[in-house]
Structure formats: C-alpha cells, structure tokens
Amino acid sequence: MGWLSSLLWAFWYILPAYFANASPVLVGGGRPIDGGRKWRDGKRILGDGKTWRGFIGGVLIGTVVGILQYVLTPSFYGSLGEAVLLAFLLSFGALVGDLVGSFIKRRFDLPRGYPAVGLDQLGFLISAMAFAYPVKTISSGQMLALLILTPLIHWSANYFAYKMGWKSVPW
Ligand SMILES: CC(C)=CCC/C(C)=C/CC/C(C)=C/CC/C(C)=C/COC[C@@H](COP(=O)(O)O)OC/C=C(\C)CC/C=C(\C)CC/C=C(\C)CCC=C(C)C
Ligand SMILES: Nc1ccn([C@@H]2O[C@H](COP(=O)(O)OP(=O)(O)OP(=O)(O)O)[C@@H](O)[C@H]2O)c(=O)n1
Ligand SMILES: [Mg+2]
C-alpha cells in the first residue's frame with residue numbers, strides 16, 4: 001500500500017468514531033448522564049454537556065455509518081457482523097472517552113465547554129481505537145497519522161460547527 005492509500009484507509013477505519021463524536025452537538029440535549037449529581041469535591045461529575053440523548057444518538061449514528069461502510073467496501077471487513085461490531089465499539093469507545101475527558105475537566109474545575117488541549121481532540125480517538133482493538137486494528141503508522149491529523153480535523157469541524165451556529169464556542 002502506498003502511503004496515501006494507507007492514510008485514506010485509516011480515515012475510513014476511524015470514521016464511525018468521528019461521526020459518534022460530532023453527532024451529540026446536533027442530537028444531544030435533555031437529561032444529563034450524571035443526573036445533576038456532584039462528585040465528592042463538590043463539582044459536577046460530568047456536567048450538563050454530557051447527555052443521554054447525545055451519548056445514545058452518537059453510538060447509533062456511528063454504528064449506522066459502519067453499516068454504510070460495509071455496503072460500500074465489504075472487502076475491508078470480514079463480514080457485516082464484524083463491520084457493525086467494529087463501528088459500535090469505535091462509537092461507544094469515542095463517547096466513553098469523551099465522558100472520561102469531561103470527568104477529568106470537572107476535577108480540574110474547568111467549566112462546561114472550556115477547552116482542554118489534547119484531551120478534547122485525542123481522548124475520544126485513543127479510547128475509540130482501544131475499544132475497537134480486539135475486533136480490527138490499523139498499523140502503528142496509521143495510528144500515529146490519525147493522532148497527528150485528528151486535532152486539525154477536529155478543530156476545523158468545530159470551527160465549522162461554530163460558524164453554522166451549532167456550537168457556541170469554536171472549539
Ligand atoms: C446525521 C446527524 C444527525 C449527524 C451527523 C454528524 C456529522 C455532521 C458528522 C460529521 C462527521 C465528521 C467527518 C466530523 C469531522 C471529524 C471530527 C473528529 C469531528 C469532531 O467533532 C467535534 C464535535 C464535538 O466537539 P467535542 O469533541 O468537543 O465534543 O463538534 C461538532 C462538529 C460538527 C457537528 C460539525 C461537523 C463538521 C462538518 C460536517 C464539516 C467538517 C469539516 C472538516 C472536517 C474540515 C476538513 C478540514 C481538513 C483540514 C481536512
Ligand atoms: N454525550 C454528549 C456529548 C455532547 N453533547 C452535546 O454536544 C455539545 C458539545 O460537546 P462537548 O464539546 O463534548 O461538550 P462541552 O459542552 O464542551 O462540555 P465539556 O466541557 O464537558 O467537554 C455539548 O455541549 C452537548 O450539547 C451531548 O449532549 N451529550
Ligand atoms: Mg467541548
């Protein structure tokens with residue numbers, strides 16, 4: 001594989017995680033996952049930015065993306081079942097990573113929506129790749145490329161979402 005095709009397959013692999021991470025901005029809202037409860041430090045466990053609807057909607061949308069990917073490139077996956085399981089794990093992993101990131105931000109007393117460089121852009125990615133690892137993985141070079149390029153794409157996507165009025169801050 002040439003480096004460009006290797007890079008494009010890496011993006012194809014991670015796409016469900018990208019969709020899962022972006023979807024809550026559009027489908028989220030309603031009851032927060034922590035139910036408004038506070039941690040022992042008196043701060044919110046996760047905060048109002050992490051909702052059940054965002055979490056479940058993101059996992060569902062990411063998983064549907066995996067089904068579409070299987071239809072488009074069946075030979076990239078062993079079977080439809082593998083593609084769906086992979087997309088589910090990438091999406092679930094991405095959103096669990098997002099929750100862990102918010103948990104850490106709240107412990108450092110950062111308010112909802114406050115940027116945490118590194119955590120915001122890479123937490124979901126690392127968690128998604130870890131959850132998906134047992135089903136299907138990519139080479140370490142491909143992982144490194146995603147770790148370097150995802151912050152740029154994440155920032156561009158957030159800036160776009162801000163300009164569209166979907167997000168109140170450009171990060
Ligand atoms: C069907 C429904 C209801 C929703 C679809 C969701 C959707 C629009 C998915 C787009 C998926 C995608 C490929 C996203 C980009 C990758 C990515 C990692 C985005 C991270 O999302 C950040 C998100 C939440 O922020 P958080 O991490 O702090 O929780 O912000 C939301 C952003 C969007 C909803 C906007 C989605 C953006 C676009 C469709 C435009 C994307 C533009 C680029 C990727 C620019 C590309 C530039 C370069 C340099 C390659
Ligand atoms: N599980 C989730 C994740 C995100 N969102 C929605 O998507 C927005 C942007 O997500 P994110 O940037 O991850 O949350 P922040 O508001 O920045 O909160 P935090 O500081 O905890 O990261 C949130 O405000 C919320 O409206 C949601 O409803 N449910
Ligand atoms: Mg944020």
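## Helix packing and ligand surroundings

The axes of helix α1 (residues 3-27) and α4 come within 10 Å of each other and cross at roughly 130°, where axes are lines fitted to C-alpha atoms, for helices over the stretch in contact, and angles run from 0 to 180 degrees between N-to-C directions. That makes α1 oblique to α4, since angles under 35 degrees count as roughly parallel, over 145 as roughly antiparallel, 65 to 115 as roughly perpendicular and the rest as oblique. On the α1 side, Y13, I14, A17, Y18 and N21 make the contact, and on the α4 side F124, L125, A128, M129 and A132, contact meaning heavy atoms within 4.5 Å. Helices (H or I, at least four residues) are DSSP runs, numbered from the N terminus.

This is a predicted model, in which local features need pLDDT of at least 70 and side-chain atom pairs count only at pLDDT 80 or more, while totals for chains, interfaces and linings use all residues. Residues are numbered from 1 along each chain as its sequence is written, chains are lettered from A and ligands numbered from 1 in the order in which they are written, and side-chain values use heavy atoms, with hydrogens and water left out.

Helix α4 (residues 119-132) also packs against helix α3 (residues 80-107), their axes coming within 7 Å and crossing at roughly 140°, and α3 and α4 are therefore oblique to each other. Among the residues that meet there are L86, L89 and L90 in α3 and L119, D120 and G123 in α4.

The loop between α3 and α4 holds D109, a residue that is not a glycine and yet has a positive phi of about 65°. Most residues other than glycine have a negative phi.

Ligand 1 is surrounded by 21 residues, of which N21, V25, H154, N158 and K167 are the closest, a residue being near a molecule if one of its heavy atoms lies within 4 Å of it. The table gives polar contacts, each a pair of N or O atoms within 3.5 Å.

| Ligand atom | Residue and part | Distance |
|---|---|---|
| Oxygen of ligand 1 | N21, side chain | 2.9 Å |
| Oxygen of ligand 1 | H154, side chain | 2.6 Å |
| Oxygen of ligand 1 | K167, side chain | 3.1 Å |
| Oxygen of ligand 2 | G29, backbone | 3.4 Å |
| Oxygen of ligand 2 | K50, side chain | 2.6 Å |
| Oxygen of ligand 2 | G113, backbone | 2.7 Å |

How values were computed. Helix = DSSP H or I, 4+ residues; strand = E, 2+ residues; numbered from the N terminus. Polar contact = N/O pair within 3.5 Å; in protein donor to acceptor, adjacent residues only side chain to side chain.
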